[in-house]
Structures are given as C-alpha cells and as structure tokens.
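This report walks through one model, helix by helix and residue by residue. Keep the sequence and the 3D view open while reading.

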Amino acid sequence: MKALLTLPFLLLFPITVQAISKDEVRRLLFQLNGKNVTERQLAVRELNKLGSKDGHVAPILLPYLADDNEQIRQIVTGILSRMGKAAVPVLIQELKSESALVRRQATLALALMGRQAQPASKALIEALKDKERDVRAFAALALVKIDPENKQTLPMIQKLYQRASKDIRLSIIYALEQVGPKVKTAMQIILAGLDDDSEEVRISTTAILARFGPDAKQAVKPLQKALTDKSETVRISAASALSSVDPEKSQLAVPMLTKLLKHPKAEVRRSAAYVLGQIGPSAKDAVPTLKSLTKDRDGLVRQAASLALTRILEK
C-alpha cells in the first residue's frame with residue numbers, strides 16, 4: 001500500500017532539481033582536461049546533462065571554444081547549443097572575438113540551435129562578412145535553420161546574395177542546400193548561381209542540383225542553358241546535373257560532350273567521357289568518338305572512355 005502512495009505523493013510535492021553551480025562546472029571542465037580516462041568520461045557525462053536551465057554557466061564554457069583539444073571544443077559547442085536561448089547573448093558576443101576558432105565554434109553552436117538562435121539573426125548577418133570561410137558557412141546555415149518556414153530569413157538572404165562577395169555567395173548556396181529544392185525562394189537563390197560571374201559558384205551550383213536529383217525539376221531549363229556556358233567545366237558539370245535531375249533531357253548534352261572528347265586538355269576529355277557514361281544508352285551517338293579515345297595517350301582518359309562505352313552499350 002505504501003508503494004502505491006509513493007507516486008501521488010511525489011506528484012503533490014515535486015522534487016526541485018537544483019541548477020548546477022559554476023564551481024561544479026569549473027571542476028568538471030578541469031576534470032575533462034585530466035589524464036585519467038575514466039574521470040574524463042564521467043566529466044563528459046555530467047557536462048552533457050547541462051541544458052536550457054543552465055544558461056548561467058555559459059560564460060564559464062566560452063574559453064573552451066578555443067581549447068587546443070578538438071574533442072573538448074566540440075563537447076562545449078554542443079553543450080552551448082543545447083542551452084538554447086539562454087546561451088545566445090554570450091555567443092553573440094563571441095561572434096566578435098579576435099579568435100577565428102572561437103567565432104567558428106560560436107556560429108556552429110548557433111547553427112545547431114535552430115529556431116532558438118533567432119535573437120542572433122542580426123549578428124549572424126554580420127558574420128556572413130567574416131574573413132574566415134567556416135564562420136561564414138556556419139552563419140549562413142544558422143540563418144537558414146532559424147527560419148525553417150523561410151518566411152523572413154530567405155528574402156533577407158536573397159537580398160544579401162545579390163551584393164555579396166564570391167565566398168559569401170558560396171556559403172549561402174551551400175547552406176540553402178539544407179533547405180532543399182521544394183522551397184521556392186531557396187531554389188531561386190540556388191538557381192541564380194548558374195548565372196553567377198564566378199566559375200566556382202556556377203560549378204558548385206550544378207553539384208548541388210545534381211545532389212537534389214529528380215526533386216529539382218525546376219532546374220531543367222536553367223541547366224539546359226548552362227550547357228552553353230563559356231566554361232568547359234561548367235558545361236560538363238551541368239550535363240552531369242541534368243542526367244541526375246532529368247535523365248531523358250540529358251541527351252541534349254551529348255553533342256556538346258562529344259565535341260569535348262577532342263579537347264586538348266586530358267582532364268576535359270576524361271570528364272566528358274565520364275558524363276557520357278552517366279547518360280548511358282541515350283549517348284550512343286558518341287560511341288565512335290569514345291572508341292577512338294580508348295587509344296588516347298592519357299591512361300585515365302582511356303579508362304573513362306572504356307567505362308563510358310560499357311555503360312552506353314549495355315543491354
């Protein structure tokens with residue numbers, strides 16, 4: 001009978017979980033740096049219990065964002081992210097740190113938070129201008145994850161993209177890959193990358209679209225246009241993406257790719273042959289040129305041509 005009364009009794013008089021003290025956190029962090037493996041593991045276990053109720057100890061954790069030990073840096077970054085809004089004010093301050101490593105880990109923590117990092121939006125926009133690429137990338141990712149419905153953040157990112165430097169534009173499109181192809185504004189920004197002045201951005205955009213695959217049907221026409229890009233590498237990358245997004249339309253790239261099989265650069269010949277193999281039987285018009293390429297002076301080109309022929313001629 002006593003056992004049956006225990007639960008209602010506890011519900012009437014709930015146990016108050018005491019917040020961890022700053023001294024206890026300092027002790028655990030010291031233990032985390034120790035040589036005893038068992039003690040380090042115990043410290044990790046206890047520190048991983050920290051959450052939204054423990055924001056008062058966030059300032060104590062900040063110096064460890066620049067710790068020489070990468071494992072410690074990542075543990076502390078994870079703890080700060082789980083603290084959520086309680087840790088946002090101190091992380092905003094760290095976005096201005098002189099240490100690139102601290103800025104990197106602070107933006108990563110905010111990115112891991114998702115919606116809860118919303119108060120840091122303005123600071124994250126400034127972080128997109130950071131001289132360190134990782135900081136810019138995590139800042140872009142954080143901004144995207146803050147607003148999953150993309151009602152506010154994406155229009156803001158779209159305006160920023162139009163006037164941003166090449167590296168920032170790259171950071172933005174890679175972050176938007178996390179949103180996926182079904183969000184209209186995100187795809188508008190990504191597709192703009194196909195017309196970018198930077199060859200690197202155009203190539204990166206085709207790679208993202210290739211990873212989207214058939215879900216990126218709205219990219220078919222822009223990719224067809226990219227088949228006439230002034231850069232051979234972009235044209236080949238666009239053909240590869242098209243074969244992933246819409247295999248039936250990829251045959252439109254066959255004449256262009258066949259012509260590139262005679263390019264003076266071995267890397268271009270090899271890449272063109274590889275993509276023709278991706279296209280498969282629809283690239284049968286390239287077979288005669290591919291056969292001649294099996295005697296190319298470059299071994300990798302010969303290998304790519306042979307593989308392409310196998311894929312094209314397979315029944």
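## Helices α5 and α7

Arg73, Gln74, Thr77, Leu80 and Ser81 in α5 meet Leu101, Arg104, Gln105, Leu108, Ala109, Leu112 and Met113 in α7. Contact here means heavy atoms within 4.5 Å. Helices are DSSP runs (H or I, at least four residues), numbered from the N terminus. Helix α5 spans residues 70-83, and its axis lies 8 Å from that of α7, at an angle of about 40°. Axes are lines fitted to C-alpha atoms, for helices over the stretch in contact, and angles run from 0 to 180 degrees between N-to-C directions.

The two helices are therefore oblique to each other. Angles under 35 degrees count as roughly parallel, over 145 as roughly antiparallel, 65 to 115 as roughly perpendicular, and the rest as oblique. The crossing of α5 and α7 is right-handed. In a right-handed crossing the near helix is turned clockwise from the far one by less than a right angle; anticlockwise makes it left-handed.

## How to read the model

This is a predicted model: local features need pLDDT of at least 70, side-chain atom pairs count only at pLDDT 80 or more, and totals for chains, interfaces and linings use all residues. Residues are numbered from 1 along each chain as its sequence is written, and side-chain values use heavy atoms, with hydrogens and water left out.

## Helices α2 and α3

Helix α2 (residues 22-32) packs on helix α3 (residues 37-47) at about 140°, with axes 8 Å apart. That angle makes α2 oblique to α3. From α2, the contact uses Leu28, Leu29, Gln31 and Leu32. From α3 come Glu39, Arg40, Leu42, Ala43, Val44, Glu46 and Leu47. Here the crossing is left-handed.

## The largest nonpolar core

A nonpolar core is a set of buried Ala, Val, Leu, Ile, Met, Phe, Trp, Tyr and Cys residues joined through side-chain atoms within 4.5 Å. Buried means under 20% relative accessible area, exposed over 50%, and partly exposed in between (1.4 Å probe, protein chains only). The largest core has 101 residues, and Leu80, Leu110, Leu209, Leu257 and Leu290 touch the most other members. Helix α9 (residues 133-146) gives the largest share, 8 residues.

Which residues does Leu257 touch, not counting residues up to four places away in sequence? They are Ile236, Ala239, Ala272, Val275, Leu276 and Ile279.

Arg103 sits in helix α7 (residues 100-113). Is Arg103 buried or exposed? Arg103 is buried, because its relative accessible area is 6%. Its side chain makes a polar contact of 2.6 Å with that of Asp130. Such a contact is a pair of N or O atoms within 3.5 Å; within protein, one must be able to donate a hydrogen and the other to accept it, and residues adjacent in sequence count only if both atoms are side-chain atoms. Beyond four places in sequence, the contacts of Arg103 include Glu94, Lys131 and Val135.

Ala139 belongs to helix α9. Ala139 counts as buried, because its relative accessibility is 0%. Between Ala139 and Arg103 lie 36 residues of sequence separation and 9.8 Å, C-alpha to C-alpha. Leaving out residues up to four places away, Ala139 touches Thr107, Leu124, Ala127 and Leu128.

Ala175 is part of helix α11 (residues 166-176). At 4% relative accessibility, this residue is buried. Ala175 touches Ala140, Leu141 and Val144, again not counting residues up to four places away.

Ser237 lies in helix α15 (residues 232-245). Ser237 is buried too, at 18% relative accessibility. Outside four places in sequence, Ser237 contacts Ile203 and Thr206.
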